[in-house]
Amino acid sequence: MIFEKCRLKGRLLKNHIVFPAVVCFGWSAHGEMSERRLEHYRKVAKGGAGLIISEASAVNPEAMLTESQPGIWSDSFIEGYEKLAGICHAEGVPVTVQINHAGIKSVTGEPLVPGPVSSDISGRAKRAGGRARELASSEITAIEDQFAAAALRLKKAGIDGVELHGAHGFLLSYFLSPVTNKRGDEYGGSAENRARIVTDIIKKIRAGCGGEFIIGIRYGGATPSLEDGAVLAKLFEDSGCDILDISTGALGEAVPVPEKYVEFNSCVYTAIEIKKRVSIPVIASNSVGTIEKGKILVDGGLTDFAAYARNILADYDWVKKTEQGKESARCLHCRSCRWFTRAFDDCPARKREQRRAAASGN
Ligand SMILES: Cc1cc2nc3c(=O)[nH]c(=O)nc-3n(C[C@H](O)[C@H](O)[C@H](O)COP(=O)(O)O)c2cc1C
């Protein structure tokens, strides 16, 4: 049942609800954690989610997806993450950190790709495509080591684990897809080879951080088909991954959703299908949106966890209030989420709530 306690690698979770990675755009510079960010996570933790996955943190200063995201490329960041761990644990909430290399979407360094860039890419990736450089295999090993070193710093900080960012067009997602990875060496070709950078990273993190450290991956479960995504899932599981968070991959792949699951989008349907193929837990992400849908997923055993990003961005207490049957501020589903520009400050759901509170004198 979605509101029942559960365990993840020995950690007690208050429920099966996950606050997924959400970058707080504009809240710091130079990879700093920042007080504002810590305060944000304190509120998220108090709000009742069972597990927090902290926003994408860069493993390399030249591979940031935005200059205002946090970083974990040096020991100087350990202190900030110690504070984050302390804040979440004080509320009884385990916290993992998403770690990322922005690849072709880097805004701080050279755009990097596994191999020749496909004409299918769009947006920021397409603009960078012409400048993107193919990685040499020695560079790939170095990037694996950057992920492993980042995880070790987080372990030292008391963070419960990491989520590798293998989705949304960032570097690892480009390796995973046969459309964006045409390498001829051991990092390209077969599913096993395309997954190698990830499975190597998982093994290196496990060797450095030990058996209790949670290692997860967010990736496109339909990369580019459900069958391909399921093969990747097994490879991740076999290499020691503890939890899968299903999203979209390098090119935002989507699969048709059968009538039976018509209330869900392609991403959530993909999570349901991947769950059937693995024995590690699976998080359904992306427009789960309502507690009714979360219950269909979790209470019905279709996935292990349901993630809610924008519900919690609109109202930090959404989980608690929903469990208690209370009204909460509602996400207004802006065409592009305003948290992508100035986070909290531009969110109309927040502003509406502030006006309501001011009018009622609360
Ligand atoms: C402002 C913003 C920042 C995000 N940052 C990340 C991120 O750092 N890593 C990631 O994997 N997804 C990121 N996402 C995607 C969310 O984790 C989530 O998958 C998405 O909002 C869909 O879930 P929802 O319908 O519950 O909001 C971000 C989303 C938003 C709105």
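Colleague: What makes S5 and S8 a pair of strands?

Modeller: Strand S5 (residues 95-100) and strand S8 (residues 161-166) share 4 bridges in the parallel sense. Two strands pair if DSSP finds at least two bridges between them, so 4 bridges qualify S5 and S8. One of the bridges has Val-97 with its partner Val-162 in S8. Strands are DSSP runs of E with at least two residues, helices are runs of H or I with at least four, and both are numbered from the N terminus.

The model is predicted: local features need pLDDT of at least 70 and side-chain atom pairs count only at pLDDT 80 or more, while totals for chains, interfaces and linings use all residues. Residues are numbered from 1 along each chain as its sequence is written.

Colleague: Which strands form the closed barrel?

Modeller: The closed barrel has 8 strands in the order S3-S4-S5-S8-S9-S10-S11-S12, with parallel pairing. On average, neighbouring strands of this sheet are turned by 30° against each other, direction ignored.

Colleague: Which helix lies across S5 and S8?

Modeller: Helix H4 (residues 137-156) lies across them, at about 155° to S5. Axes are lines fitted to C-alpha atoms, for helices over the stretch in contact, and angles run from 0 to 180 degrees between N-to-C directions. Contact requires C-beta atoms, placed from the backbone, within 7 Å.

Colleague: Why are H1 and H2 called roughly parallel?

Modeller: Helix H1 (residues 35-46) and helix H2 (residues 78-90) pack at about 20°, with axes 9 Å apart. Angles under 35 degrees count as roughly parallel, over 145 as roughly antiparallel, 65 to 115 as roughly perpendicular and the rest as oblique. H1 and H2 are therefore roughly parallel to each other. In their contact, Leu-38, Tyr-41, Arg-42 and Ala-45 of H1 meet Lys-83, Leu-84, Ile-87 and Cys-88 of H2. By class, the contact has 6 nonpolar, no polar and 2 charged residues (Ala, Val, Leu, Ile, Met, Phe, Trp, Tyr, Cys and Pro count as nonpolar, Asp, Glu, Lys and Arg as charged, and the others, Gly among them, as polar).

Colleague: Which strand and which helix each supply at least two residues of the shell around the ligand?

Modeller: Strand S4 (51-58) and helix H13 (339-342) do.

Methods
Contact = placed C-beta atoms within 7 Å.
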